[in-house]
Amino acid sequence: MGGVRNAGATKTRNCRAVRILLVSQMYPGDSEPDYGVFVRGLEETLASRGHTIERAVLTSRGGGKTKYARLAGRTIAAARRFRPDAVYAHFLVPTGLIGALASRAPLVVTAHGQDVANVGSIPGVSAATAAVVRRASAVIAVSEYLRRELEAKIPAARGKTQVVDSGVDLERFKPAPSPGGRTSFLCLGSLTERKNVVRLARAFELVGEGTLTFAGDGPLRHELEGRTNVGLLGAVPYERVPTLIAESHVVCQPSLVEPFGQALLEGMACGRSVVGTLIGGPPEFVPPEAGILVDPLDQQAIVAALRSAAELPRPNPAARAAAERHDVNEQARRVEAILLEAVRARRGESRPEA
């Protein structure tokens with residue numbers, strides 16, 4: 001699946017607009033509108049700044065490993081047709097490798113988490129990742145935690161990795177009045193072991209009051225069914241997420257590890273307090289006034305965190321203020337600067353004066 005995006009009316013200031021080939025193994029589609037929405041958000045903002053973007057993406061989780069062969073074909077065809085000034089790939093392997101092989105244009109690649117976790121755990125991924133990092137003009141990690149993980153595993157990443165998270169759309173996710181009634185806890189994400197959903201449900205039962213709603217689907221759904229005051233919405237369209245957050249009091253994501261923590265950031269942007277994990281990116285953007293961070297393996301700590309978060313202001317202005325520092329427009333500006341520097345370096349141009 002591909003396509004060209006160019007906002008046209010809004011042009012980038014103080015720099016030359018460029019042609020960007022966006023390559024991603026995750027991108028929203030008709031059947032899975034929540035799939036890789038963070039990629040689309042950055043893309044839309046880059047386009048609004050005047051850049052022309054061609055997409056080579058996958059829009060579904062299904063398809064097995066053969067889908068990457070299809071993505072490679074799309075990327076090669078797009079590179080030949082579009083002749084990009086830069087390739088911007090999301091995920092190191094396989095997407096970054098595909099982008100590296102499809103075009104000689106400067107490569108900028110963002111690591112999101114699982115791609116780094118795969119290094120050393122899947123045969124061949126370490127060598128492929130090292131090749132991508134060496135080929136890349138710049139590497140982006142979505143958190144300091146992920147940057148440290150990547151640099152520890154791939155020494156070539158040291159000195160060329162910058163931290164830029166995916167940001168949050170502050171217009172889409174904005175404060176809303178807090179609902180009345182019992183405390184409503186909301187968990188956004190897949191029902192998987194990494195998301196720690198069963199331990200969260202057990203902790204909620206020990207709290208003994210309120211409601212807990214899971215928005216997402218996955219293999220652990222059957223372990224959550226039939227629990228008192230626990231609701232299962234299944235997979236929901238991304239457009240519904242702001243409304244679901246507005247209908248809740250606390251957004252929960254006490255994952256075993258969270259490379260960044262997008263759902264927490266979106267909840268905070270809506271003025272909701274959060275319960276998150278200490279492992280990964282959340283400690284970098286969740287201050288004590290906005291929520292509680294816990295050891296995800298400590299069920300009693302999760303119980304205490306749920307109770308404490310329920311006592312924080314409703315809505316929570318400190319949560320919104322913290323989220324505002326991650327405006328997607330500012331994150332896209334930072335990505336833009338990295339892309340433009342890569343293009344200038346390839347062309348042998350000097351950095352323009354501020």
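Let's start with helix 10, residues 262-269, which is mostly covered: 8 of its 8 residues are buried. Buried here means under 20% relative accessible area, with exposed over 50% and partly exposed in between, using a 1.4 Å probe and protein chains only. Helices are DSSP runs of H or I with at least four residues, strands are runs of E with at least two, and both are numbered from the N terminus. The buried residues of helix 10 include Leu 264, Leu 265 and Met 268. Gln 262 and Glu 266 are buried too.

A word on the source. This is a predicted model, where local features need pLDDT of at least 70, side-chain atom pairs count only at pLDDT 80 or more, and totals for chains, interfaces and linings use all residues. Residues are numbered from 1 along each chain as its sequence is written, and side-chain values use heavy atoms, with hydrogens and water left out.

So what covers the buried residues of helix 10? The cover includes strand 8, helix 9 (241-246), strand 11, strand 12 and helix 12 (317-324). Helix 10 lies across strand 8, strand 11 and strand 12 (273-277). Its direction runs at about 170° to strand 11. For angles, axes are lines fitted to C-alpha atoms, for helices over the stretch in contact, and values run from 0 to 180 degrees between N-to-C directions. Just after helix 10, Gly 271 takes a positive phi of about 80°.

Now the sheet. It is open, has 6 strands, and its order is 10-9-8-11-12-13, with parallel pairing. Two strands pair if DSSP finds at least two bridges between them. Strands of a sheet pair through backbone hydrogen bonds, either parallel or antiparallel. Which strands are at the edges? Strand 10 (230-234) and strand 13 (291-294), each pairing on one side only. Neighbouring strands are turned by 20° against each other on average, direction ignored. Strand 9 (residues 211-215) and strand 10 pair in the parallel sense over 4 bridges.

Next, helix against helix. Helix 7 (residues 197-207) and helix 11 (residues 299-310) pack at an angle of about 60°, with their axes 8 Å apart. They are therefore oblique to each other. On the cut-offs, under 35 degrees is roughly parallel, over 145 roughly antiparallel, 65 to 115 roughly perpendicular, and the rest oblique. The contact residues divide into 8 nonpolar, 2 polar and 3 charged. Nonpolar covers Ala, Val, Leu, Ile, Met, Phe, Trp, Tyr, Cys and Pro; charged covers Asp, Glu, Lys and Arg; the others, Gly among them, are polar.

On to strand 5, residues 107-111. Is it buried or exposed? 5 of its 5 residues are buried, so strand 5 is largely enclosed by the rest of the structure. Leu 107, Val 109 and Ala 111 point one way, Val 108 and Thr 110 the other. Strand 5 pairs with strand 4 (residues 86-90) in the parallel sense over 4 bridges. Here Tyr 88 has Val 108 as its bridge partner.

Most residues other than glycine have a negative phi, and most peptide bonds are trans. Phe 91 is not a glycine, yet has a positive phi of about 90°. Phe 91 sits in the loop between strand 4 and helix 3 and is buried, at 6% relative accessible area. Asn 196 also has a positive phi, about 65°. Asn 196 is in the loop between strand 8 and helix 7, and at 3% relative accessibility it is buried.

Two peptide bonds are worth a look. Val 93 to Pro 94 is cis, with omega near 10°; Pro 94 is in helix 3 (residues 92-102). Arg 314 to Pro 315 is cis, with omega near -10°; Pro 315 lies in the loop between helix 11 and helix 12.

Definitions and conventions:
Contact means heavy atoms within 4.5 Å.
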